[in-house]
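Please consult the sequence and structure below.

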Amino acid sequence: EYARPARSTTVLYDRSDYCFARLGPDDVDRHYLLDTKHLHVTGLTYPLSENSRLIIASALSRAATAGVSTSLDVNHRDQLWSPAQCRDELLPLCRDVGLLFCSRRDAQEVFGCRGEPEVAANRLLEVTGARTLVMTLGDEGVIACGPDGTLRAGARPASVLDRMGAGDALAA
């Protein structure tokens with residue numbers, strides 16, 4: 001439901017019968033899934049069902065074993081689960097990913113990592129155990145941290161028409 005400021009856009013997550021939520025672990029062709037150089041998963045899909053949790057956890061584990069690079073976008077949504085549930089469920093997955101995407105808001109609300117962007121980002125790396133992190137900072141840009149150091153890029157001025165998918169575009 002689109003809105004103009006000061007009211008924000010509302011998104012309804014009516015996914016109880018979403019096809020991915022109804023898939024079972026045996027419905028996924030694991031060989032086909034890992035016939036890639038990189039596997040990206042999202043915390044937005046993880047809480048949909050117990051099966052989606054099993055599929056994602058298994059895919060990340062198998063990717064690590066097969067030498068396939070991985071990334072995870074935290075992408076927390078209050079309508080799907082609480083920050084504490086998100087943290088408790090995603091932390092074990094974060095430890096095995098090569099690249100973690102997380103917004104500054106999620107770093108604060110889900111993982112308790114606050115402070116200036118460099119401080120929060122480095123703290124989030126410590127908390128999650130991910131090798132590399134990309135943290136979005138809204139209109140302040142983005143910061144990336146990892147074994148090779150820290151890189152920060154400012155945001156370009158833009159007129160936002162629809163911010164849906166902006167994080168997906170960044171991850172891509």
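The count comes to 1 cavity of 30 Å³ or more, a cavity being a set of points on a 1 Å grid over the protein atoms alone where a 1.4 Å probe fits but cannot get out. The largest cavity has a volume of about 40 Å³, taken as the space filled by probe spheres set on the points, which are joined across faces, edges and corners. This is a predicted model, in which local features need pLDDT of at least 70, side-chain atom pairs count only at pLDDT 80 or more, and totals for chains, interfaces and linings use all residues. Residues are numbered from 1 along each chain as its sequence is written, and side-chain values use heavy atoms, with hydrogens and water left out.

**Cavity lining**
- Pro25, Val28, Arg30, Leu33, Ile55, Ser58, Ala59 and Arg62 line the largest cavity, each with an atom within 4 Å of a point.
- The elements giving two or more residues to this lining are α2 (30-33) and α3 (50-66); α3 gives the most, with 4 residues.

**Helix α3**
- Helices are DSSP runs (H or I, at least four residues), and strands are runs of E of at least two, numbered from the N terminus.
- Buried residues (under 20% relative accessible area, 1.4 Å probe, protein chains only) of α3 are Ser52, Arg53, Ile55, Ile56, Ala59, Leu60 and Ala63.
- Gly67, with a positive phi near 80°, follows α3.

**Thr42**
- Thr42 lies in strand β1 (residues 38-42).
- Apart from neighbours within four places in sequence, Thr42 is in contact with Ile56, Leu72, Asp73 and Asn75, contact meaning heavy atoms within 4.5 Å.

Technical notes. 1 Å grid on protein atoms, 1.4 Å probe; cavity = no way out; pocket = protein on both sides within 12 Å on 5 of 7 lines; lining within 4 Å. Buried < 20%, exposed > 50% of the residue type's maximum accessible area, 1.4 Å probe, protein only.
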